[in-house]
Amino acid sequence: MLMGGVLLICAERSNLKLISLPGSCDVGLRRVKVRKESVDEEEEPLSPMARMFQQPESNVYVIAMLGFKSPIDPHFLKANLVDTFLKQSRFSSVQVADEKNGGEVKWVKTNVDLDNHVKIPMVDQHMASPDQFVEDYIANLTNTHNSTSIPMWDVHILNLKTCDAESTLVIRVHHSLGDGTSLMSFLISCCRKTSEPDALPSFPAAKKSRPDAGWFWKCWSVLLLAWNTLVDIWMCVATTYFLKDTQTPLKAPSRAVAFTSRRIVRRTFCFDDVKLVKNATNTTVNDVVLAITQAGLSRYLNRKYGKGTGDGESWENNLPNSIRLTATLFINLRSSPGIYAIEKMVKHSQTEWGNKIGYVLYPFKIALKDNPLDYIRDAKATMDRKKATLEAQFRLFMAKVFVRFYPTKLATFPLTTMWFSNVAGPQEEISLFGNQVTFIASSLYGQPVALTIHIISYEKKISMVLSVDDNIIPDPYQLCDDFEEAFKLIKKTVVAEGLIKK
């Protein structure tokens with residue numbers, strides 16, 4: 001597709017082509033020289049979850065977008081990538097199938113030519129709609145995939161002024177290199193506070209553990225955990241084989257949606273407003289954003305099934321009864337979440353890096369509620385229930401067993417309506433290689449769902465980033481409007497009930 005002088009050649013995404021150990025090997029018609037060093041460091045096997053992210057119907061890439069207050073100097077960026085990205089072994093390794101070990105896929109170090117990873121398209125600085133150009137550029141990028149003969153990441157420099165940045169850096173990384181927590185931690189480890197150029201950014205403090213309860217409550221908690229886990233394991237199997245989501249205007253009809261392009265849009269909220277609602281309702285930020293999502297999805301689907309009436313607050317209910325709409329909600333399973341300096345991340349790459357995640361099935365209750373705070377109560381009740389289960393750990397266990405030994409449906413992601421993820425970002429303004437960051441947004445493509453929502457915070461902002469197949473969801477900005485209106489109604493109700501002061 002030719003836009004603004006940029007030609008993007010689209011290629012069909014397919015499963016990773018694996019090469020063989022050791023030395024040189026064929027990749028298609030090309031031969032790649034693999035640098036072999038320490039076996040322990042250079043030949044670490046791919047984790048089970050990483051292998052799930054490279055299956056044909058879930059060949060997933062992470063797209064991170066950073067806006068800056070100044071144009072990006074390509075030469076300066078490359079020089080800094082050498083001292084940051086290339087120091088993390090995943091960014092300088094290829095995936096190799098070890099034929100001597102049953103075809104087990106491993107990470108193997110290789111030489112990196114940054115010219116293959118840094119893309120600088122020519123852009124017209126006087127184009128009519130630079131924001132639309134950036135959006136279309138990223139949408140076209142989701143039609144392509146990285147070559148497996150080199151480390152599977154690249155960066156795209158868009159020195160084009162948009163509504164909220166003087167330039168935009170698009171970072172594409174195959175999900176097998178790491179999950180949202182490890183990639184965010186690594187990215188922020190490359191950044192510094194704007195107010196203190198030598199200091200790492202700050203993240204929200206870890207939650208304090210609850211005080212020890214009595215023996216009765218401990219026994220009850222164990223029994224509840226066991227029961228909830230058994231129920232969730234049953235639901236896991238049922239959802240995989242026969243218990244399907246309702247076919248709504250948000251749901252992809254088949255897994256073939258994993259091979260389609262994505263349009264990535266975002267809507268930003270004031271983080272202080274979100275925390276205001278959180279404190280007033282004695283919940284968490286995650287509870288609030290899940291409530292916003294549930295309320296927004298309900299508004300959007302009600303519009304699709306009929307017509308809203310009144311001023312946007314009074315609606316005729318057009319929703320069918322008993323809509324089943326489930327999200328695959330990803331959970332960080334690290335024992336000590338947080339960020340690490342680059343040196344520590346390299347040193348502890350096998351313990352903190354990678355895809356240390358599981359996932360749970362999160363049921364959204366699609367309904368129009370008279371009291372918007374009921375969405376908050378639903379979200380809190382559901383998340384409290386999900387915290388008292390080992391479902392996420394069981395999913396990771398299934399990945400370890402079924403991905404490697406028994407390639408069945410249980411070794412794939414369930415065909416839910418959407419994916420959902422929430423990653424905390426830095427709490428203050430930061431700079432990447434000396435260039436102040438104006439926004440951070442991240443999303444995915446290659447997943448077998450038509451809608452993915454990422455929540456990411458930065459300084460005093462929190463963004464909902466949507467990745468949609470616009471053949472199924474042609475109006476993503478309307479969905480963003482519904483999320484925004486839903487939050488306004490929730491906050492307005494909190495104020496009206498006197499839970500917070502105006």
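Author: Let us begin with handedness: a crossing is left-handed if the near helix is turned anticlockwise from the far one by less than a right angle, and right-handed if clockwise. Helices (H or I, at least four residues) and strands (E, at least two) are DSSP runs, numbered from the N terminus. The crossing of helix 8 and helix 13 is right-handed. This is a predicted model, in which local features need pLDDT of at least 70 and side-chain atom pairs count only at pLDDT 80 or more, while totals for chains, interfaces and linings use all residues. Residues are numbered from 1 along each chain as its sequence is written, and side-chain values use heavy atoms, with hydrogens and water left out.

Reader: At what angle do helix 8 and helix 13 pack?

Author: Two packed helices are described by the angle between their axes and the distance between the axes. Axes are lines fitted to C-alpha atoms, for helices over the stretch in contact, and angles run from 0 to 180 degrees between N-to-C directions. Helix 8 (residues 285-305) and helix 13 (residues 476-496) pack at about 125°, and their axes are 8 Å apart. Angles under 35 degrees count as roughly parallel, over 145 as roughly antiparallel, 65 to 115 as roughly perpendicular and the rest as oblique. Helix 8 and helix 13 are therefore oblique to each other.

Reader: Which residues make the contact of helix 8 and helix 13?

Author: Contact means heavy atoms within 4.5 Å. Helix 8 contributes residues including Val288, Ile292 and Tyr300, and helix 13 contributes residues including Leu479, Phe483 and Ile490. The residues of this contact divide into twelve nonpolar, three polar and four charged; here Ala, Val, Leu, Ile, Met, Phe, Trp, Tyr, Cys and Pro count as nonpolar, Asp, Glu, Lys and Arg as charged, and the others, Gly among them, as polar.

Reader: Is serine 463 buried or exposed?

Author: Buried means under 20% relative accessible area, exposed over 50%, and partly exposed in between (1.4 Å probe, protein chains only). Serine 463, in strand 20 (residues 461-468), counts as buried because its relative accessibility is 7%. Leaving aside neighbours within four places in sequence, serine 463 is in contact with Arg267, Thr268, His454, Ile455 and Ile456. Its side chain also makes a polar contact of 3.2 Å with the side chain of threonine 268. A polar contact is a pair of N or O atoms within 3.5 Å; within protein, one must be able to donate a hydrogen and the other to accept it, and residues adjacent in sequence count only if both atoms are side-chain atoms.

Reader: Which residue is joined to glutamine 436 by a polar contact of the side chains?

Author: The partner is glutamate 429, at 2.7 Å. Glutamine 436 belongs to strand 18 (residues 435-445) and is buried, with a relative accessible area of 15%. Although glutamine 436 and threonine 194 are 242 residues apart along the chain, their C-alpha atoms are separated by 6.9 Å.

Reader: Where is serine 322 found, and what is its phi?

Author: Serine 322 is in the loop between helix 8 and strand 14 (325-332). Its phi is near 60°, a positive value in a residue other than glycine. At 72% relative accessibility, serine 322 counts as exposed. Glutamate 459, in the loop between strand 19 and strand 20, has a positive phi near 55° and counts as partly exposed, at 24%.
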